[in-house]
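Trainee: I have just opened this structure and would like to go through it with you. May we begin with the surface and then turn to charged pairs?
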Amino acid sequence: GSSRIVSSHLQHFPPGFSQPPQPCQGFTMAASALPAASPSQVIALPTVAEAAAQECGQSFPSMVPFSSAVPAHELKPQQSNSSELERRASATRSAFKRPATWVLVFGWSLAACAGFVNSVAFRSWGVYVSHVTGDTTSIGMRLEGYHAGRVDFLPLGVSLAILVSFLSGAFLCGMLIDKNQVHFGGKSFYGIALVGNATLLVISILVPPHTLAACFAAAASGLQNAMCTSHFGAIVRTTHVTGTVTDIGSTTGRIAMIFLRKGFRFSRLNVLEQAEVAVDSRKLLVLLPMWGCFLLGTISGAYLETIFDIYALLFPAFITLSVGLVYMFYRQQLKGYLKRIEQERLSKDLQDMHSSMERTQAHLKALRGNAETQQDSNPSDAGLVANLDVEVGNMLETMYDVEANVMGMCHSAESTLVQPPAGRSRSALF
């Protein structure tokens with residue numbers, strides 16, 4: 001029967017069996033020896049082992065699952081797939097980097113001011129000035145009404161004037177700030193832009209006609225909205241939240257779909273899915289407070305407009321004016337402070353890269369040592385490990401040189417800021 005078959009197959013197992021064991025004992029010992037058997041033996045034994053298990057009254061499913069044995073020729077494709085997932089996960093993580101805290105606070109403050117202005121403008125003049133989606137729609141509708149004779153030209157002219165004013169403010173910001181990303185301390189005139197925003201809001205208070213006042217407020221919103229449109233891969237719009245709410249919905253939808261496919265268990269996520277969830281979560285930490293600050297601004301504007309009427313616009317004007325003046329007068333000090341922050345951030349990133357590369361080199365050395373101790377190891381694999389070890393060492397040396405050069409450049413830049421060249425006027429520093 002099956003017990004004789006098991007005994008006859010014991011000669012295929014590794015040494016250690018001095019005499020043929022009893023059938024049930026042979027079954028147990030054979031099961032324990034299966035991991036050391038060759039792939040061909042593992043594939044040939046399941047049917048025999050199942051028969052012996054039934055005869056001895058033991059449960060075969062508690063043994064090593066033969067169906068899970070992976071042939072040797074399938075290991076390399078699996079390793080290559082794992083490497084590909086790691087590469088894609090690394091690219092996903094590097095695609096978005098959370099902005100610095102001061103950048104986020106700056107954007108959230110501008111969003112609150114924009115919500116405040118939009119609320120007061122609608123209460124006072126009956127129009128929204130922080131976005132032009134509704135005005136663009138009204139242009140099309142009123143153009144049809146004017147052509148049909150149902151609407152006169154004045155409502156169409158109001159919509160056109162607000163649209164052109166918003167566009168003019170954004171155009172002015174493009175002339176003052178030549179970057180889409182927030183880059184304080186450079187050649188961009190953030191101080192002038194912020195002071196200009198406050199000036200336009202004050203003018204909108206002093207101008208009597210409602211249409212002209214709304215145009216100045218729309219120009220201030222366009223100037224503010226173009227001030228920081230993007231930063232580190234995150235789209236930042238501070239005067240309207242349509243795109244922000246859209247990004248919040250799509251981001252949460254992607255996270256929910258990833259967890260839905262895995263049964264809402266984080267442990268089932270592979271490395272790429274974990275990277276995607278982490279990146280989307282960081283995006284939500286930027287977008288949700290942006291929307292919340294805009295909402296808080298609209299609530300504050302609605303309450304204060306009932307008390308101060310149109311003069312409530314002085315509150316956001318005061319905020320932008322104060323920030324602009326502080327930036328203009330302390331630009332050089334702020335520039336040095338921001339450079340130190342970026343230097344510390346760069347140093348931390350380099351240290352993390354050093355640690356990662358050193359760990360990789362240690363793993364490669366351990367892998368090479370294991371390959372050298374195995375007699376049946378593939379020489380080409382051992383050579384590949386050795387080459388990777390050498391390349392990682394070269395990369396570490398290059399990174400040390402880059403770090404030294406960056407530190408030297410930062411120190412020289414700081415010394416230049418402290419001691420300006422002779423003959424250069426103090427006003428030229430601003």
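Trainee: Which residues form a nonpolar patch on the surface?
Mentor: The patch consists of Phe189, Ile192, Leu321, Leu325, Val326, Met328, Phe329 and Tyr330, and together they have about 730 Å² of accessible area. Patches are made of residues with over 30% relative accessible area and no salt bridge, with like charges joined within 9 Å and nonpolar side chains (Val, Leu, Ile, Met, Phe, Trp, Tyr) within 5 Å. Accessible areas come from the Shrake-Rupley method with a 1.4 Å probe, and for residues only the protein chains shown count as cover.

Trainee: What should I know about the model itself?
Mentor: This is a predicted model, in which local features need pLDDT of at least 70 and side-chain atom pairs count only at pLDDT 80 or more, while totals for chains, interfaces and linings use all residues. Residues are numbered from 1 along each chain as its sequence is written, and side-chain values use heavy atoms, leaving out hydrogens and water.

Trainee: Which helix gives the most to the nonpolar patch?
Mentor: Helix 13 (residues 314–329) does, with five residues. Helices are DSSP runs (H or I, at least four residues), as are strands (E, at least two), numbered from the N terminus.

Trainee: And where is Phe189?
Mentor: Phe189 sits in the loop between helix 8 (153–176) and helix 9 (190–206). Its relative accessible area is 36%, so Phe189 is partly exposed. Buried means under 20%, exposed over 50%, and partly exposed in between (1.4 Å probe, protein chains only).

Trainee: Now the charges. How many salt bridges are found in the whole structure?
Mentor: There are five. A salt bridge is a side-chain nitrogen of Lys or Arg within 4 Å of a carboxyl oxygen of Asp or Glu. One of them joins Arg87 and Glu84 (2.5 Å, N to O).

Trainee: Why are Arg87 and Glu84 separated by about one helical turn?
Mentor: Because they are three residues apart in helix 5 (residues 75–95).

Trainee: Which residue does Arg123 meet in a salt bridge?
Mentor: Arg123 meets Glu305, at 3.3 Å from N to O. This pair links distant parts of the chain, 182 residues apart: Arg123 is in helix 6 (residues 101–125) and Glu305 in helix 12 (residues 271–308).

Trainee: Is Glu305 buried or exposed?
Mentor: Glu305 is buried, with a relative accessible area of 9%, whereas Arg123 is partly exposed at 45%.
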